[in-house]
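Please look through the structure below.

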Amino acid sequence: MIALFRLLVVGLVVLTVVYWVALVYARSVRRERLEKEYDEGSVDGDVAGHRDDYIAQGMAEYEHGLKRKLLWLVYIVPVGTMLVLVWLNFEG
């Protein structure tokens, strides 16, 4: 039982590190895309007055979007897989 507890703790720590790395990477990619859009001039004039305002607005929209929520799958898929494997192991 202690081995299972250790596995859960270590697994959640590793998944947390993976989550944060993926989050930082996804945010940096989104920010670079917003910067490139603004620099190319493909932004409506009424949407952005200054470059920093445009990027801040785009990042705020990203924070509430689906892509950020999908990062939670980093936790759900591995934990769900482990639960199914443990359940199938005890079933038979």
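By residue class, the contact of H1 with H2 holds eight charged residues, seven nonpolar ones and one polar one.

The geometry of the pair comes next. Two packed helices are described by the angle between their axes and by the distance between those axes. Here H1 covers residues 2-40 and H2 covers residues 51-63; their axes come within 10 Å and cross at roughly 140 degrees. Because angles count as roughly antiparallel only over 145 degrees, and the crossing is at roughly 140 degrees, H1 is oblique to H2. The crossing of H1 past H2 is right-handed.

How far can the coordinates be read? Over the protein the mean pLDDT is 86, and 91% of the residues score at least 70. Confidence is highest in H1, with a mean of 90, and lowest in helix H3 (residues 66-70), with a mean of 76. Where pLDDT is low, the predicted coordinates should not be read in detail.

Helix H3 also contains leucine 70. Is leucine 70 buried, exposed or partly exposed? Its relative accessibility is 43%, so leucine 70 counts as partly exposed. Leucine 70 and valine 13 lie 57 residues apart along the chain, and 19 Å separates their C-alpha atoms.

How values were computed: Residues are numbered from 1 along each chain as its sequence is written. This is a predicted model: local features need pLDDT of at least 70, side-chain atom pairs count only at pLDDT 80 or more; totals for chains, interfaces and linings use all residues. Side-chain values use heavy atoms; hydrogens and water are left out. Axes are lines fitted to C-alpha atoms, for helices over the stretch in contact, and angles run from 0 to 180 degrees between N-to-C directions. Helices (H or I, at least four residues) and strands (E, at least two) are DSSP runs, numbered from the N terminus. Angles under 35 degrees count as roughly parallel, over 145 as roughly antiparallel, 65 to 115 as roughly perpendicular and the rest as oblique. A crossing is left-handed if the near helix is turned anticlockwise from the far one by less than a right angle, and right-handed if clockwise. Ala, Val, Leu, Ile, Met, Phe, Trp, Tyr, Cys and Pro count as nonpolar, Asp, Glu, Lys and Arg as charged, and the others, Gly among them, as polar. pLDDT is the predictor's confidence in each residue, from 0 to 100. Buried means under 20% relative accessible area, exposed over 50%, partly exposed in between (1.4 Å probe, protein chains only).
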